[in-house]
Structure formats: structure tokens, C-alpha cells
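Here's a quick tour of this model, written for someone who likes cut-offs spelled out. Have a look at the structure first, then read on.

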Amino acid sequence: MNWGAMDRYAKSLIKEAGHHIKHSFFTEIEISSKSSANDLVTNIDREIEQFFITRIRRDFPNHRIMGEEGFGDEIQSLNGVIWFLDPIDGTMNFIHQKRNFAISLGIYIDGIGMLGYVYDVMADDLYSAMKDEGAYLNDIRLPQLTDTTIEESIIGVNASWIAPNRYVENNPMIELVNTCRGTRSYGSAALEMTHVATGRVDVYVSMRLSPWDIAGGMIIAGEVGAISSTLNGEQSSLLEQETFIVSNASIHSQLLEDFIVLKK
Ligand code: 2AM
Ligand code: CA
């Protein structure tokens, strides 16, 4: 496999898709909900996923695709080359704000992340990484993260997980909020992972993310030394919805030991 050529191919596909998304603001966007009233999808999410899938199937017929909107393949194992695609990550932001959403793409071979992309469409910021070759924001290489402490950290977390909820003990989460320097929530898991990779925040944690939300960002974050795992400390399976944390390596184990306690 020529990963350099694949990288150029993926980047041009992403830029073309971003162009379509920007143009969609001149048309009427149809909004519907999926699993719950707050789980939104639009005709644009679907069209962008179909755009990617048509191209990938034409040019790489042996590759498989796992896409959020379900037009890809049924993926039950990580064998071969798999493209994990979220055509619009942060659909609520796309609808309400017309910004703060991203195209998220990860390309894996036999479960190993080779190429990762998160494209902040409205800012025209493309975060990318190739395994062992570093991570980039547009043409600028991102530096390795430096060590920090929880007291000096900004924690990326949605307020839902600080309120009583069915996934995580919220008292230790309150303790975390009181211990750290500050909290932020941006509403796009893929973008939040780039915030960790650039050191704008030091950790991002979520209770239920899907493979397409994290596949691209995990490669980018990993290239600057961040650690990704489930909240049990295991490697994400990339086969189902799971808990997730990506953080500066120096605070990862302390966060899981002292502050983020899953409900039994
Ligand atoms: P999405 O916009 O592609 O659905 C919101 O905090 C973040 O969590 C977004 O990245 C969103 O991705 C993701 N997410 C994953 N599963 C979700 C769900 N069932 N409902 C809402 N957001 C979800
Ligand atoms: Ca999405």
C-alpha cells in the first residue's frame, strides 16, 4: 500500500466534501432525529457520506467503510483496510451554529491506525496524521505534548457527566471539576480530540462514542503522545459504541484511578 498516495487522495476527498458542506448553507437543510430527539441527522450528513462511499468504492473496491449514516459496510472485524467516516461530527453545531463541526476520517489496516483526519470545515483547518510520521495542522507539524498535572489542566467534558447520570459516578467528576484549572465543551468529539492534540485542552472524556467519532482523532492524538482508551483503560474496539478518554499521557492513569469511576 502506498500510504503517501492514499494520504493525498484522502485529503482531496475531504476538501471536496467540505466544499459541498459549505455550499449546502445556500439550500434548505432537512433535519430529522435518530435514536433520540437530540440525536440529529440532516440530508447533508447522508449526502456527504454517500459522496465518500461512492468514490472509495470506485477507487478502492477492496476496502471496507464504516460510516455513521449506515451506507457503508457491516463491520464485524478489523481485517483489511477500513475507512471509519463521520461525514459531519457535531451535527447539532452544524444545524444551530453553522460552525464547530468536522469531517472525521480514520483509515486502518488490520486494526492499526495509518491515516487520521479531522477537518474543521468552516475554519478550513485540516488536522492530519500518518502513523509514525507525526501530526499536522494544515502544513504545520504539531509538537509533542509536554507533561502537566490535573491542577493545571483544562478538562474537556460535557456537563451531562457532571450531573447525575447512568454511566459515571458524578461525585468524583465534581471533585475533578473542582481540582482542575477549568472545563470546556465544544460538542464535536473529533474537534475536541484535536484540542487535546494541540494542547488547547488536556483531556477529553465521553461516555458513548462510536468508532467513526474517534478513529481519525486517535491517530492524530497518538502522534503527539496523547493516550486514548476506554474508561476501563482498555484499547477502544472500533467495533461498537464505548466510553472514551483521550488525554495528555502524564495524567491519563490518575484520571482513571481517582476521578472517572464508572457505575457498576
Ligand atoms: P455526532 O454529532 O456525529 O452525532 C456530542 O457531544 C458529540 O458526541 C458529537 O461528536 C456527537 O457526534 C457524539 N455522539 C456520539 N453518539 C451520540 C449520540 N447518541 N447522541 C449525541 N451525540 C453523540
Ligand atoms: Ca455525525
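How many bridges join strand E6 to strand E7, and do they run parallel or antiparallel? Strand E6 (residues 112–120) and strand E7 (residues 125–130) are joined by six bridges and run antiparallel. Strands here are DSSP E runs of at least two residues and helices are H or I runs of at least four, numbered from the N terminus; two strands pair if DSSP finds at least two bridges between them.

Some housekeeping: this is a predicted model, so local features need pLDDT of at least 70 and side-chain atom pairs count only at pLDDT 80 or more, while totals for chains, interfaces and linings use all residues. Residues are numbered from 1 along each chain as its sequence is written, chains are lettered from A and ligands numbered from 1 in the order in which they are written, and side-chain values use heavy atoms, with hydrogens and water left out.

**The sheet**

E6 and E7 belong to an open sheet of seven strands, ordered E3-E4-E5-E6-E7-E8-E9 with mixed pairing. Its edges are strand E3 (64–67) and strand E9 (140–141), each pairing on one side only.

| Pair | Bridges | Facing residues |
|---|---|---|
| E6 and E7 | six bridges | Tyr117 and Ser128 |
| E7 and E8 (residues 135–137) | three bridges | Ala129 and Ala135 |
| E8 and E9 | two bridges | Tyr136 and Arg141 |

The E6/E7 hairpin has four residues between its strands, with Asp124 in the turn at a positive phi of about 55 degrees.

**Helices**

The axes of H5 (residues 189–197) and H6 (residues 211–223) come within 9 Å and cross at roughly 10 degrees. That makes H5 roughly parallel to H6 (angles under 35 degrees). On the H5 side, the contact (heavy atoms within 4.5 Å) involves Ala189, Ala190, Met193 and Ala197.

**The calcium site**

The calcium ion (ligand 2) is coordinated by Glu68 (OE), Asp86 (OD), Asp86 (OD) and Ile88 (O), at 2.1 to 2.9 Å. Donors are N, O and S atoms within 2.8 Å of the metal (3.2 Å for Na, K and Ca), and water is not among the atoms, so sites may look incomplete. Asp86 and Ile88 are both buried.

Technical notes:
Buried means under 20% relative accessible area, exposed over 50%, partly exposed in between (1.4 Å probe, protein chains only). Axes are lines fitted to C-alpha atoms, for helices over the stretch in contact, and angles run from 0 to 180 degrees between N-to-C directions. Angles under 35 degrees count as roughly parallel, over 145 as roughly antiparallel, 65 to 115 as roughly perpendicular and the rest as oblique.
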